[in-house]
Amino acid sequence: MAVVVVTDSSSRLQPEDLERCGIRQVPLHILLDGKNFRDGDDDVPADVHLRHATTAGATPAELADAYREALTHSGGDGVVAVHISAALSSTYSSAVSVAREFGPSVRVVNSRSAAMGVGFVALAAAQQAAAGADLNAVEAAARSAVPRVHAFIVVHRLDNLRRSGRIRRGASLLGSALSLKPLLCLDVDGRLVLAQRIRTATKAHAAMIDQVVEMVGDGSAKIAVHHVDNRDTADDVAKTLTERLPQIAPPTVTDMGPVLAVHVGAGAIGVCVGLDD
């Protein structure tokens, strides 16, 4: 058989990608009006980011079931689980605890990222698994991909992030008071930090594009552009990146998903970069 890769729904991998690469996925959760919606499984209200929803990580039971099924499917070759940054979700800590039940056959990797940042790490692992690599090599491929993944996001307001505790209250108040459009990024520990305060959304998007172009340079990379109810802007960002980085494949453009949307709010635009070796 072969090593099986498991991830969570924050990865924004599309169903066809999951099937093609043999990646299994566990849902994160959105809690709204007393209901528990499973991201990727249930129909979540499209305006969830405008309502007072909260989120929760994958449960230990869901993780255990996913790892058990994946381990069986692998024929005992093992499982590599790649999850959303430990600094952003309880999923990783739950995964580490659950993995202990399976011993060394289940390895858990902190992507230190979100959205397709998680997806790029999972895909790197799945590529090695598909090539017949053993458990140690698949885990190594995932861990090697982590520092090559970078994520940026421009949000229209910081209110959602402040409410969820994902960014300092002081930064939130400053952004709101001055009507600034903050450019955020995930640092080396997978924490969401303020990179720049910029006067307009257009200039913030341009600054984000500049950072991505500088990072990729003449090299090769995979890029994904995400949005929250802002497809036209996401398409424009992807088009500009294609023009300025002609050596790469055109970026994929997808929504950011309801879990992340709850935290970043309407209009947000994110770019995830997976640098190639």
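**How two helices pack**

At what angle do helix 8 and helix 9 pack, and how far apart are their axes? Helix 8 (residues 201–216) and helix 9 (residues 231–244) pack at an angle of about 35 degrees, and their axes are 11 Å apart. Here helices (H or I, at least four residues) and strands (E, at least two) are DSSP runs, numbered from the N terminus. Axes are lines fitted to C-alpha atoms, for helices over the stretch in contact, and angles run from 0 to 180 degrees between N-to-C directions. This is a predicted model, in which local features need pLDDT of at least 70 and side-chain atom pairs count only at pLDDT 80 or more, while totals for chains, interfaces and linings use all residues. Residues are numbered from 1 along each chain as its sequence is written, and side-chain values use heavy atoms, with hydrogens and water left out.

Helix 8 passes helix 9 in a right-handed crossing (the near helix is turned clockwise from the far one by less than a right angle). On the helix 8 side, His205, Ile209, Asp210, Val212 and Val213 meet Thr233, Val237, Thr240, Leu241 and Arg244 of helix 9; contact means heavy atoms within 4.5 Å. Sorted by class, this contact has five nonpolar, three polar and two charged residues. Ala, Val, Leu, Ile, Met, Phe, Trp, Tyr, Cys and Pro count as nonpolar, Asp, Glu, Lys and Arg as charged, and the others, Gly among them, as polar.

Beyond its neighbours within four places in sequence, Ala207 is in contact with Leu183, Gln196 and Ile198. Arg231, found in helix 9, is partly exposed, with a relative accessible area of 42%.

**The nonpolar core**

Let's look inside. The largest nonpolar core has 42 residues, and Val80, Val82, Val138 and Ile153 touch the most other members. Such a core is a set of buried Ala, Val, Leu, Ile, Met, Phe, Trp, Tyr and Cys residues joined through side-chain atoms within 4.5 Å. Helix 4 gives the largest share of this core, nine residues.

Setting aside neighbours within four places in sequence, the contacts of Val80 include Val138 and Glu139. Glu139 lies in helix 5 and, at 15% relative accessibility, counts as buried. With neighbours within four places again left out, Glu139 is in contact with Val80, Arg107 and Val109.

**One aromatic pair**

A search of the whole structure finds one aromatic pair. The ring centres of Tyr67 and Phe102 are 6.3 Å apart and their planes stand at 75 degrees, so the pair is edge-to-face. Rings of Phe, Tyr and Trp (its six-membered ring) pair if their centres lie within 6.5 Å; planes under 30 degrees apart count as stacked, over 60 as edge-to-face and the rest as tilted. The pair links distant parts of the chain, 35 residues apart: Tyr67 is in helix 2, and Phe102 is in the loop between helix 3 and strand 7. Both Tyr67 and Phe102 are buried.

**Positive phi in two loops**

Asp33 has a positive phi of about 50 degrees although it is not a glycine. Asp33 sits in the loop between strand 3 and strand 4 and is exposed, with a relative accessible area of 61%. Arg112, not a glycine either, has a positive phi of about 55 degrees. Arg112 is placed in the loop between strand 7 and helix 4 and counts as partly exposed at 40% relative accessibility.

Notes
Buried means under 20% relative accessible area, exposed over 50%, partly exposed in between (1.4 Å probe, protein chains only).
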